[in-house]
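Colleague: I would like to go through this model with you, one question at a time. Please show the sequence and structure before we start.

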Amino acid sequence: MMRLMGALLLTAGSSALGWAAVRHLEDRVQDVEGVMAGLALMERELGWRMSPLPELFGQAAQATRGRPAEFFSLCAQGTAHLEGRTLRSIWGQALEIAQLRLEEEERGCLEQLGTVLGRYDGESQRQALAHALERMEGCRNQAREERKRLGKVYAMLGVAAGLFLVIFLL
Amino acid sequence: MERKTAVCEAAQVLPQELYRAVCALSSAQLEQGEELRLRRGRPPALVAAGREWDTDCRGVVEEDLLQVVEQASQASAHTVVDQLRQGFVTLRGGHRIGLCGTMARRQGEGTTLRHLGSIAIRVACPVEGVAEGVVGQLWSGTCIHSTLLLAPPGAGKTTLLRDLVRTLSEGGGGRRPLRVGLADERGEVAAMWQGAPQFSVGCHTDVMDGCSKAEGLSMLLRGMNPQVLAVDEITHPSDAAALEEAAGCGVALLATAHGSGREDLERRPVYRRLLEGGVFRRLVTLRCQEGVRRYQVEGLA
């Protein structure tokens, strides 16, 4: 009975690790899509109403969910009360605090965008947003591809590793 | 608002170190503060009682000046590009930042400032009640006359116009409030900040800013059904044409003009046309004598 319980626990634990890896792939896609939705909204609003950034960040926060919403919300709060800080530092802090599940490529793209926003005329910022969206789209496609390709592999590996351990140990 | 509080409020756009240095000046200096001056390589200074008082602080660097613009625009430079092109940015509270430096040009037109050299922050401290002695003379029964305010620069035309707008808009003294449309091209009368006037211009006043006076007057006339239209500094023939159009629609007008007297006005084509057309019925001439402002109201036939 104890052996059976142990075998079950090993398999379940190992499978959970596999599913966690799958979950990370899904979270990355979700966060990239959330950030893209916010940036796309900002691009449209900049092209039309030329709203100030605190307002744009607030709208992006309302239009998104989860960590991307938290990220835009932190930017909105920070820019509404600058208190001597620069947008670049607020943007960087928000990226840290919101803990977006992004890879280096997406993170680098956002960090670069943070150096442009708020410093130039509307059209230049809109172009920077469009460029960032283009890059993010590439990242999203890659993330989706990885989720599709590696998702099943990780799940299967988790279960298989559990079963292997059971056979090996018992 | 006390002037000391206004100075510290205006100084909030400065980097923290400079802000602390300004607020560390003596109360007597802050109470008379009119402007803050930032020049590269020099410590920030407060203009008060006719002279500049340096703060006990390091010299200003260009990064400080850029940060002031970032703070003033709430990290949204695109919202103040037009103002930057004109060389000033309006802050919450009606304070105004004047910018100076090297202009970047594209196709012959100034686009923005490539390098900032200095910044002047004019501390706003609006004066209410200056129109009290004038407003009664602009009425005839239940009718308000179209009025031109005339004075040399710095004599207080804009202050008088703002207070007239407020007084007419709020009514009182047995007079009904009037709907006032204010075409505030340079934002000097109402000092709009994110859609809200920073100076008191009355509860029945609609302000159009960010566009030319002629455009603003025309839009107000078409869209807001004003009883009075107010505009600061008529200088261009298109402004005069817009005023003539409005006068033809039965709207009372309030406008200001640079000039030393009626004769001076009649010499200049833009104003001569308005006077000959009977657009204005009252002329208020402002004079500053020994630090005291005096107003003279006369009828225009």
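Colleague: Which residues of helix H9 of chain B are buried?

Modeller: This is a predicted model, where local features need pLDDT of at least 70, side-chain atom pairs count only at pLDDT 80 or more, and totals for chains, interfaces and linings use all residues. Residues are numbered from 1 along each chain as its sequence is written, with chains lettered from A and ligands numbered from 1 in the order in which they are written. Helices (H or I, at least four residues) and strands (E, at least two) are DSSP runs numbered from the N terminus, and a residue is buried if 20 or more other C-beta atoms, placed from the backbone, lie within 10 Å of its own. In H9, residues 237-247, the buried ones are B:Asp239, B:Ala240, B:Ala242, B:Leu243 and B:Ala246.

Colleague: What covers the buried residues of H9(B)?

Modeller: Contact means that the C-beta atoms of two residues, placed from the backbone, lie within 7 Å. The cover includes, from chain B, helix H8 (213-223), strand E14 (228-231), strand E15 (252-258) and helix H11 (269-276).

Colleague: Which residues touch the most other members of the largest nonpolar core?

Modeller: A nonpolar core is a set of buried Ala, Val, Leu, Ile, Met, Phe, Trp, Tyr and Cys residues joined through C-beta atoms within 7 Å. The largest has 50 residues, and those touching the most other members are B:Val165, B:Leu243 and B:Leu253.

Colleague: Into which domains is chain B divided, and how far apart are their C-alpha centres?

Modeller: The bounds come from an automatic or database domain assignment, which gives domain 1 (3-122) and domain 2 (132-299). In contact are 7 residues of domain 1 of chain B and 8 residues of domain 2 of chain B. The C-alpha centres of the two domains of chain B are separated by 30 Å.

Colleague: How many residues of chain A and of chain B are in contact?

Modeller: On the side of chain A that touches chain B, the elements giving two or more residues are helix H2 (53-63) and helix H6 (122-169) of chain A. The contact involves 15 residues of chain A and, from chain B, 12 residues.

Notes:
Buried ≥ 20, exposed ≤ 12 C-beta atoms within 10 Å, placed from the backbone.
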